[in-house]
Amino acid sequence: MTFGVGVVGTGAVAQLHLAALRKTPNARLVGVADVVPDRARSAAIAYSKDVRWSGSAAELFAWPEVDGVIVCTPNRTHAEVVAQALTAGKHVLVEKPLALDLASADRLVRAAESSGLVLMPGHTHRFYDYGRQIKEWLDAGRLGNPRYVRLSISTGWIWGGWGSWVIDPAESGGHLLHNGVHMLDLVTWWLGADPVQVMARGQKLTSSHLQIWDYFHVVIGYAGGAAAVVEFSRGSRPRGGVERSLTVAGDAGFLTMPADGWGGILRTDEGTSPLGFDGQQGFDREVAAWVQAAAHREPSPVKPQDGRRAVQLALAAEASITAARPVRVDS
Amino acid sequence: VARDRPRSSALRQPQAGLVGIGLEPKSPLALALVARGGQIVDSLIVPSTHLVVGARASDPAMLVAEALASGRRVIVEDPASFLAAPGSVPLDRVFAGFTYRFEPAAAATRASLQAGTIGLPFAVTAEAAGRSCVDSAGLALDLLDAVLHVTGLALESAVRVGTDPFVISLLLADGVVGDVSAVVISTAESIANLSVRGSHGSLLVNLGAPHVVEVTDRMAMLRLGEQGPGLLLDAFCSDSPLPTLADAASLVAASRRDS
C-alpha cells in the first residue's frame with residue numbers, strides 16, 4: 001500500500017522534504033497547501049501534474065488520500081496546524097520546533113498519545129550520518145559511559161535576510177527554538193540522560209537592533225553528572241563559511257570531528273583511528289523513517305516527548321540568558 | 001630544537017639546580033625537566049635552587065614550605081589540588097604550574113588577537129580531554145588561566161555546571177562569553193583546543209599540536225615550535241614573572257560558584 005502525503009507550507013524547507021519524498025519508497029505526494037495559493041500551485045506543478053494544491057491546510061486535511069502530512073509552516077503556526085492534522089486523523093512530521101511554548105507542546109504530546117497517530121518532530125540532525133553514527137558508537141560502548149559532548153556550529157551572515165520571519169521572535173521564537181533545538185536534542189539524545197540545568201549566554205552579533213540572539217552558548221548539566229556544551233552562531237565571518245566541530249567523550253575514550261571535515265577521529269586506550277561518515281542524507285532518512293513508522297503504526301523514531309524536551313531546553317536557555325544565571329530543568 | 005641557532009644552544013644548556021619531586025616520569029613536564037638537565041628526585045636533600053612539586057608529591061604543602069624556607073624557587077604542577085588540600089604557605093611566593101599559557105599556539109593566538117586579525121572577539125571556548133597528570137578541575141583551571149592570558153580580558157562571571165567533566169560557563173570583560181571544559185580519561189592521547197570567535201573571523205587553536213588556524217577572508221595556518229611545559233620551565237629557571245598560587249586561588253574561587 002502506498003502512503004499518501006500532504007505537505008503544508010511550501011517554503012524553503014518544504015523543498016527539502018519534497019525532494020526527500022521523491023526518493024521514499026511506498027510514499028506518494030497527494031497534494032500541497034500554502035497560505036499563498038500561487039506558491040502552493042507552483043510547488044504542485046513543479047513536483048508532478050498529478051499533485052493537488054490548495055490555499056487551505058484544512059482543505060488538504062479533508063482529502064481522504066492523505067494519510068499523513070509534513071508541516072513546514074512558520075514556527076508560530078506549528079502547534080495549531082499539527083493539532084488540526086491530528087484531529088483530522090493524519091500522521092504528522094512537523095518541522096522543528098514542535099511548538100513555541102511548553103503548554104502547546106504538552107497538548108500535542110497528549111493529542112498524539114490519545115489518537116494513536118505518529119507525531120514526529122523533525123530533528124533532522126539525528127538522521128545525518130554524524131548524528132546516527134555517533135549514537136551507534138555510543139550505544140555500542142566504544143567510548144564507554146558517555147560523559148561530555150561539545151557541539152559547535154558557526155556560520156553567517158544574517159540568515160534569510162532582514163525581512164525574514166526567522167529573525168522575528170514572534171514568528172520563529174528566535175534561533176534557540178529555530179536552530180538550537182536541533183543541537184539541544186542531538187546532544188541529549190547522544191548522552192541518553194535527563195537534563196537538570198541549563199546555563200546559557202547570548203550575543204547579538206549582526207546588530208544590537210536584532211530582537212533575537214544570533215549567537216548562543218549553552219551548557220547543559222545532566223543527571224548523573226554528564227555535561228554538554230552547545231555553541232551556535234548565525235552571525236559569524238566570513239559570511240559563506242560553515243564550521244562544525246564536535247568532541248564526544250566517555251569514560252573509555254573520546255572522538256573528535258574537526259571544524260573542516262566530516263570525518264572523525266576516535267581515541268581510546270587501544271589507540272587512535274579515523275572514523276568516516278558516508279554522506280549527508282538527513283532529510284531522506286528522516287522522511288523515510290516517518291513514512292515507515294506511520295504506514296505500519298510503529299513508534300515514532302523521534303518521540304513527541306523528545307520534541308517537547310528540546311523546546312523545554314531552548315526556553316530554559318532563553319530564560320538563562322535573560323536572567324544571567326543557571327535555570328533548573330524538570331524532567 | 002628551535003629553528004634559530006642561539007635558541008637551540010640555550011635549550012641544550014643544563015638548568016643547574018632544577019629538580020622535580022612527585023612528577024609522573026613520562027609526563028610532558030617531567031620530560032621537559034629532564035631534557036633541561038634537571039633531575040627527578042625523592043627528597044629535598046638533593047641540592048637545588050628551583051623545585052617543581054609534581055601532582056604525585058606526598059604532603060606537598062610541607063615540601064613547599066621547606067623549599068621556600070631554604071630559599072628555593074618553587075612551582076606547583078597541580079595548583080587546584082594543592083589549594084584544595086589543607087596547609088598554609090604564602091601563596092604569592094609559589095608559582096602555579098600552568099602550562100597552556102606557555103604553549104606556542106597560545107602565544108600566537110594572543111599575538112593574532114592583539115594584531116586585530118579576527119577583529120573584536122565575542123566568544124572564547126577551551127576544552128581539554130584525555131590523559132592528564134591532574135584531574136578535570138586542575139585541567140580546567142589551567143585552561144581558564146590560558147583563556148584569560150590569551151585574550152587579556154578580565155573574568156567577570158564564572159558559573160560551574162559540572163565537576164567531572166568540569167565545565168565553567170564564562171563571561172569576560174567586553175561582553176565576551178564562552179566556557180572552559182575539561183574531562184580526564186585514561187587514554188593514550190589527549191587534546192586541548194581553544195577557539196576565539198571575533199567580528200571578522202575565528203582562531204581555531206590546537207594547544208596540543210603546535211599550530212593555529214586563522215579562519216578569516218584569507219585562511220592561514222601558523223606552524224609553531226617548542227612545547228609549553230618546556231617553555232614554562234625556561235621561564236621558571238630564568239626567574240621570569242609567572243602566575244602565582246594567589247592568582248590560581250582567585251580563579252579557583254571564581255570557578256567554585258555554581259547554581
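The crossing of α6(A) and α8(A) is right-handed, meaning that the near helix is turned clockwise from the far one by less than a right angle. This is a predicted model, where local features need pLDDT of at least 70, side-chain atom pairs count only at pLDDT 80 or more, and totals for chains, interfaces and linings use all residues. Residues are numbered from 1 along each chain as written, chains are lettered from A and ligands numbered from 1 in written order, and side-chain values use heavy atoms, without hydrogens and water.

Back to the pair. Helix α6(A) covers residues 129-139, helix α8(A) residues 175-191. Helices here are DSSP runs of H or I, at least four residues, numbered from the N terminus. The two axes come within 9 Å and cross at roughly 20°. Axes are lines fitted to C-alpha atoms over the stretch in contact, with angles from 0 to 180 degrees between N-to-C directions. So α6(A) is roughly parallel to α8(A) (under 35 degrees).

Who touches whom? From α6(A): Y130(A), G131(A), I134(A), K135(A) and L138(A). From α8(A): L186(A), W189(A) and W190(A). Contact means heavy atoms within 4.5 Å. By class, that is six nonpolar, one polar and one charged residues; Gly counts as polar, Lys as charged, and Leu, Ile, Trp and Tyr as nonpolar.

Now cysteines. The count is zero disulfides over all chains (a disulfide is a pair of cysteine sulfur atoms within 2.5 Å). For C133(B), the nearest cysteine sulfur is that of C237(B), 18 Å away. C133(B) is partly exposed at 27% relative accessible area; C237(B), at 15%, is buried. Buried is under 20%, exposed over 50%, partly exposed in between, with a 1.4 Å probe and protein chains only.

Key. Helices (H or I, at least four residues) and strands (E, at least two) are DSSP runs, numbered from the N terminus. Angles under 35 degrees count as roughly parallel, over 145 as roughly antiparallel, 65 to 115 as roughly perpendicular and the rest as oblique.
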